[in-house]
Amino acid sequence: MENRDEIEDLVQSDYRYGFSSDIDSETIAPGLSEDVVRSISAKKNEPEWLLEFRLDALKRWRALPDPDWARLEIPPFDYDAISYWSAPKSMADRPQSLDEVDPQLLEVYEKLGIPLKEQEMLAGVAVDVVFDSVSVATTFKDKLEEAGVIFCSISEAVHRYPDMVKKYMGAVIPVSDNKHACLNSAVFSDGTFVYIPKNTRCPMELSTYFRINAENTGQFERTLIIADEGSYVSYLEGCTAPMRDENQLHAAVVELVAMDDAEIKYSTVQNWYPGDEEGRGGIYNFVTKRGLCAGKNSKISWTQVETGSAITWKYPSCVLRGEGSVGEFYSIALTNKKQQADTGTKMIHLGANTRSRIVAKGISAGRSNSTYRGLVSVHPKAANARNFTQCDSLLIGSQCGAHTTPYIESRNASAVVEHEATTSKLSEDQLFYCQQRGLSEEESVALLVSGFCREVLQQLPMEFAAEAQKLLGINLEGSVG
Amino acid sequence: MSNPMLEVCDLAVEIGGKRIINGMNLVVPAGEVHAIMGPNGAGKSTLSYAMAGRPGYDIVGGDILLDGQSILGLDVSERAAAGMFLALQYPVEIPGVANMSFLKTALESLAKARGQEKQATVEFMRQVKAEARALQISEDMLRRPLNVGFSGGEKKRNEALQLAMLAPKMAVLDETDSGLDIDALKIVAEGVNRMRDPARSFLVITHYQRLLDYIVPDQVHVLAAGKIVASGGADLARELEESGYAAYEAA
Ligand SMILES: Nc1ncnc2c1ncn2[C@@H]1O[C@H](COP(=O)(O)OP(=O)(O)OP(=O)(O)O)[C@@H](O)[C@H]1O
Ligand SMILES: [Mg+2]
């Protein structure tokens, strides 16, 4: 893309603000080297250009510092201790039935009303599961094909749609954007590719959940979504059930591109294992997500519900280049026990009449720490740019922390940037009132928190919203009183 | 006289170590309406919170019985499930939670706690709309976040709506009349009168005789300095209107 360097510059300049299946089943020995990268590429039978892309990333990765500006305490990480090619676990290594699965996890599945078959899948039980979703997925596929929508794994797309993948991979998030994204570029395992043709409204919500073959792409997942002129797609990622993973480090990359008059709505529910009371064993979720509003009047909207992981480092952002383009970020970040989250967004206004809206709700309980970190940047050509930011923090108990770090840089006098922030404690009056009317303490907390998050929950597709609401309640159990 | 619905026996309540209710006795028989009057700061709201089980209102002596059972061992929501309802002097705002969904959640929680089937949604909708109409609460108010931006009088009318929907055994109304205009007062009083039932009792806390013209109490008690200092029939309220509390406060 002709503007790749331009974007790289723009994004780099923000660092001072703190933004600095048919696969072989053997496992590559732990450690990161050129050989490892070569063998990943070879296993996937990748074209030369992609191998070069990976090797280039590896070289840059070595030179990049760990991002250290977030308000996170990250224990030192040994990159040579992880295996960068983890084949699916053998059936013998897995739990043989739900009887061998952590009862606490099962309790949560129960509360979420997850069917047994899915519980087995989520808990990684060794059974030959014939998913209902397989047949569902097939009907989906037919419908999508009819509309001309491409929805497949990145590995498949590399072979079937090389031009598009080559053109856009790394175009929104440059390889050396940050250390975590760079690592992903070198070793990404698999992920999702979506293309919506011109003037097409994707006939259904796309969800990774329905993509067979999705197993085992968790650690270094890579997603690329391209919405061509006048198209629309809504994409759902993740699932409300807590997922366990042997891999502690997760460094995903998600790139979105919206052409003229196109709209992408990207929703995430993230509920990876947060670790025990002390945060031990929890996932480190270091994700780089960015959307480019390339065309005029295009729109990209991020909605996220982040409740899991021991450490969350995540800033889904929008580069608003097309004239009149719109970026949105709706976020709920809930931390409990010893969880840490440093999350927010960057809205980079390049084009005239661009607009952005940020609504971030942080809930901290236990001994957790949560930070909203946001950047609204208005460039000289972005005449009449508008931003509205609303950051609300809710504290439960007295041992947790909530922080708001909004950066604003405006280089166009006609821009209007508004910021509102509140911090409140879960009020005893409200708890008493709910309980007096018959709600249990847990039900009361769940209701009050979902009220606090309503603006964001409303952005989620309906069934997802109800589940997310339940999830918030479950993750706060026992945090009051 | 029928069985007592509420018995307060030699009750002592402290807030942060400070004695507020001191040796209080009160019996409300099933099916009766009793009124409590008394000067500001006498402990009326404290009594109502203590009955509801609010944390921080420490019961340091005596007992409270609801329908013959002590409720001291129950927490706030368990007492609600046992049939205790408190219309607050200052209803609380709950942002982001629609009035109607709050009611529905409350009814479902109560049903669950009591081991009952939950009400069908259609039936709930019909009932809530009928009760709201009777209390002249607009459908718009049913959809708005609970109490947020409601006027003082609207909040009180909404407490009456919750009372009607939750249909408790024992309803304590803490100054539900304060803030109501004359017309609203009549509407709320009619609502309470419709609910009078041999299996339900009311304890109505008020400063004004006017309310008791519409909700005629079986007994009136005067609460001063943490205990009941006088009890009588509906006439007592009228006497107080004339003479004030001076005689009781001196005592
Ligand atoms: N949290 C508290 N800490 C200390 N004292 C309190 C607290 N809450 C109430 N009190 C005191 O307890 C006493 C009784 O208060 P309460 O609210 O029960 O009075 P009341 O009879 O309802 O008055 P009013 O008619 O004004 O509503 C008052 O002196 C009040 O200041
Ligand atoms: Mg009072």
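# Exercises on a predicted two-chain model

Glu139(B) has a relative accessible area of 38% and is therefore partly exposed (buried means under 20% relative accessible area, exposed over 50%, partly exposed in between, with a 1.4 Å probe and protein chains only). This is a predicted model, in which local features need pLDDT of at least 70 and side-chain atom pairs count only at pLDDT 80 or more, while totals for chains, interfaces and linings use all residues. Residues are numbered from 1 along each chain as its sequence is written, chains are lettered from A and ligands numbered from 1 in the order in which they are written, and side-chain values use heavy atoms, with hydrogens and water left out.

## Exercise 1

Step 1: Helices (H or I, at least four residues) and strands (E, at least two) are DSSP runs, numbered from the N terminus.
Step 2: Lys129(B) counts as partly exposed because its relative accessibility is 28%.

## Exercise 2

Describe the salt bridge between Lys361(A) and Asp392(A).

Solution. Step 1: their closest N and O atoms are 2.8 Å apart.
Step 1: the pair links distant parts of the chain, with Lys361(A) in strand β15 (residues 355–364) of chain A and Asp392(A) in strand β17 (residues 386–395) of chain A, 31 residues apart.
Step 2: both Lys361(A) and Asp392(A) are buried.

## Exercise 3

Determine which residues of helix α2 of chain A are buried and where they point.

Solution. Step 1: within α2 (residues 34–43) of chain A, the buried residues are Val36(A), Val37(A), Ile40(A) and Ser41(A).
Step 1: down the axis of α2(A) these residues fall within an arc of 135 degrees, so they line one face of the helix; the arc is that of the directions from the helix axis to the C-beta atoms.
Step 2: this buried set packs against α3 (48–63) and α9 (179–187) of chain A (contact means heavy atoms within 4.5 Å).
Step 3: Asp35(A) and Ala42(A), on the other side of α2(A), are exposed.
Step 4: just after α2(A), Asn45(A) has a positive phi of about 55 degrees.

## Exercise 4

Describe the surroundings of Ser155(A).

Solution. Step 1: Ser155(A) belongs to helix α7 (residues 154–160) of chain A.
Step 1: Ser155(A) counts as buried because its relative accessibility is 19%.
Step 2: leaving aside neighbours within four places in sequence, Ser155(A) is in contact with Lys44(A), Ser189(A) and Asp190(A).

## Exercise 5

Characterise the contact between chain A and chain B.

Solution. Step 1: chain A contributes 18 residues and chain B 29 residues.
Step 1: about 2,000 Å² is buried between the two chains, of which carbon and sulfur atoms give 62% (buried area is the accessible area, with a 1.4 Å probe, that two parts lose on being put together, summed over both).
Step 2: in chain A, Phe432(A), Tyr433(A) and Arg437(A) lose the most area to chain B, together 39% of what that side buries.
Step 3: the count between chain A and chain B is three salt bridges. Asp429(A) forms a salt bridge with Arg54(B), the closest N and O atoms being 2.5 Å apart.

Conventions: Salt bridge = Lys/Arg side-chain N within 4 Å of Asp/Glu carboxyl O.
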